[in-house]
Amino acid sequence: MPVSDFPRPLVPVVWIGLVAVVAVSSLQARPQAAQAGGSPARTASSPGVQVQGDTSPRGLIDTYCATCHSERLKAGGLVLQGMDPAAVGGHEPTWEKVVRKLQAGAMPPPGSRRPEPAAYQGLLGGLQAALDREAQQAPDPGRPPVHRLNRLEYANAIRDIFGLEIDGRAMLPADDSGYGFDNIADVLSFSPGLLERYLLAASKISRLVVGDPTMKPGMTTYEVGDQTLGQDDRMSELLPFGSRGGIAIRHYFPLNGEYRVKFYLQRSDVADSNMIRGHDVANLIDVRVDRRRVGLFEIGGPNAVQYFNAGQYTAEEFVPDAAAEARFVVEAGTHVIGVSLNRDVWNVEGVGVSRLPLTSEAFNRGRNTNRDSGRIEMTIQKVFVTGPFDGSRPVDGPVYRRLFICQPATAVEEDPCARRILSNVARRAYRRPASAAEVETLFNFYRAGRADGTFEAGIRTALERLLLDVNFLFRIEADPADVQPGRAYRLNEFELASRLSFFLWSSVPDDELLALAEQGRLREPTVLQQQVRRMLADSRAAVMLDSFFGQWLYLRNVATHTPDKEIFPEFDENLRAAFRQETQLFLESQFREDRPATELLTADYTFVNERLARHYGIPAVLGSHFRRVALPGDVPRRGLLGHGSVLMVTSYADRTSVVLRGKYVLQNLLGIPPPPPPPDVPALEETEVKGSLRQRMELHRRNPVCASCHNTIDPLGFALENFDGIGKYRETDGSAPVNASGALVNGSKFDGPLSFQRALVTSQHDAFLSTLTEKLVTYAVGRGVEHYDMPAIRTIVREAEAGGYRWSSLILAIAKSTPFQMRRAES
């Protein structure tokens, strides 16, 4: 429906308000001042050619830095000639670049002359202390622009305001990303096209919340997978024991009434064939709602088919999937639909055992079976949910009860009840108490809807208006009237509550946060600490696994990365799903158990099922259930850098990439991203160099311009060369043995993936923690970290040290920090 088709004066009112908000946001300039922060941190070890000389800060810069970073050479675009490290004021951006390189031990480059370790650390500590002192004199917390809710935040807000789960991906387009995340305020743009999607979403959501008995039946389609998804095992813990394949779906039923479930079985891969795969063997297909069976269908095989539906049995000569339909009555709300097949135990022909051989190539029955190696199994491709039929408003449903906190018994009671409902829901949606004028605006829309229909219709009209209000769609932090232009000020308590909830939950504050904000107590140190720990323990904090970790570590790319089937024939959708599940369970355990953040790189355990264990070569793991397994001390697959998910997304489709993997470590873990490559450099595949990958990569280092970066990038990528393009361990690459030795940017040597992971946490300890904190702060405040934030970053890391760098200590320190609790007024 185009915008012009919407009745009521809703579009111009909303459009004018949104344009005003976006216009104000676009005028907000990036700040240029310094940020208060912490104290000197430890530095990476700095092996190299160590010499003695003038050990004063100015002498060290002149001796070891100014030659390359002179006015003439300007290496890296940085000029240090004539600069005094004892006078950092006015030159904070330059000196923060120096601190970043020194902290990682990246400068001077390995092999170059370096000062003795004590002098090196003294220079780093002195620079940090001087920068921190400057920041304390003029703290600058930054000024994030007005922040539109991204798609995830919008869907979570609807869930927490109304108790309604929606599919945000179906309602709204994907958001742009900046600084590695899709919640960055200055890239969350607004357009007429997006307004139209918001209008459609508001109309649909308001109908679902209120309940519309006139709603016509609609059909939702759920894709299970194609033939690359093996359906040999139980696919979800929400499906029955003894089942295989299929899908478990969380589906929202908008009304009380009858619904129907159908399924579509995969067809033969022969062109133009409608023949069901595996039709020659009878299969039972089980349909359940909240684990209660509502349909059982026998399809295939030579015999007649029995059909069970809600307790009624019938017999027919043949029931194909087109005629199989489960009908059931259900109350409105979210319920789990399970559709699965029966699992029988059979011997692989020619093998004589009931389990497949311990090879990944032979494991996927669903795709690679034939009469010589087994049989072709029947599998489910799609599930269709249709309804409601003869629906009624769910007056006793949780969504309805959450909204309608009062029920008028007479016409006289309607207006006061409507005001009460609208004031209550506006408080949650606006993340603060709504003003009388704001409630009156919603009430006017209620009256317009009530004039044409029922009390519920009036509330529904008001909800449409609320869901298009700038105070809901945007996080607006207004400057207080008494703050001088350009000065830093503390956020009010409601703004702080919103920052906390969107940081940890990607959603609106709950009633407890709002109540503390209303009392003016949220900022109290003890209360803030209690709330951070409460929020981390809440199930809603699990959103960080996908939203923060998924973007920081590129884990979202697992769903779209497509390995070459010719090179990696053992890869299938089951392995892709196992990669995702392993890393999600691992991150969840780290987060829930409040482990030290550095354990991300060194953890001596992981989570596998039988499919993934076979791929990793881990013995004695049977079944589709994921379980925690300990990794022996000599196993190189430790921490995130041993996960198939990370190893796959840092590879090309047909081979590994030392450049992608090396850049991943530099940029995501050490915070020193390499510059973009120069133009006209041929891809590795276009060269004529043969031999091992190391020999072929020598081409990139023959050119001195390339060598300046690749001497740093390539060794970090070679450290992971024992893992192929889909994360399988190997000792050889083709016929050549893998050489995984090298050195970190600070010169620390390693001889394989295990010593590489240890070296990262020891010699690059501070660089990793600083980078992780920068990523968390970027995600928390919705803007990129600038040079003036670095003193605060150092303070956060220092405060987290007392808590062993556990996740709770890092997050609490961020919640207490200047960038999180303060904002700079417009100049």
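Predicted model: local features only at pLDDT ≥ 70, side-chain atom pairs only at ≥ 80, totals over all residues.
A disulfide is a pair of cysteine sulfur atoms within 2.5 Å.

Residues are numbered from 1 along each chain as its sequence is written, and side-chain values use heavy atoms, with hydrogens and water left out.

The bond joins Cys406 to Cys417, with an S to S distance of 2.0 Å. Cys406 sits in the loop between α10 (398-403) and α11 (414-430), whereas Cys417 belongs to helix α11, so the pair ties together parts that are eleven residues apart in sequence. Helices here are DSSP runs (H or I, at least four residues), numbered from the N terminus. The torsion about the S-S bond of Cys406 and Cys417 is about 110°, so this disulfide is right-handed.

What about Cys65 and Cys68? Cys65 is in no disulfide, and its nearest cysteine sulfur, that of Cys68, is 8.9 Å away. Cys68 is in no disulfide either, with the sulfur of Cys65 as its nearest cysteine sulfur, 8.9 Å away.

Buried means under 20% relative accessible area, exposed over 50%, and partly exposed in between (1.4 Å probe, protein chains only).

| Residue | Relative accessibility | Class |
|---|---|---|
| Cys406 | 13% | buried |
| Cys417 | 6% | buried |
| Cys65 | 15% | buried |
| Cys68 | 44% | partly exposed |

How values were computed. Helix = DSSP H or I, 4+ residues; strand = E, 2+ residues; numbered from the N terminus.
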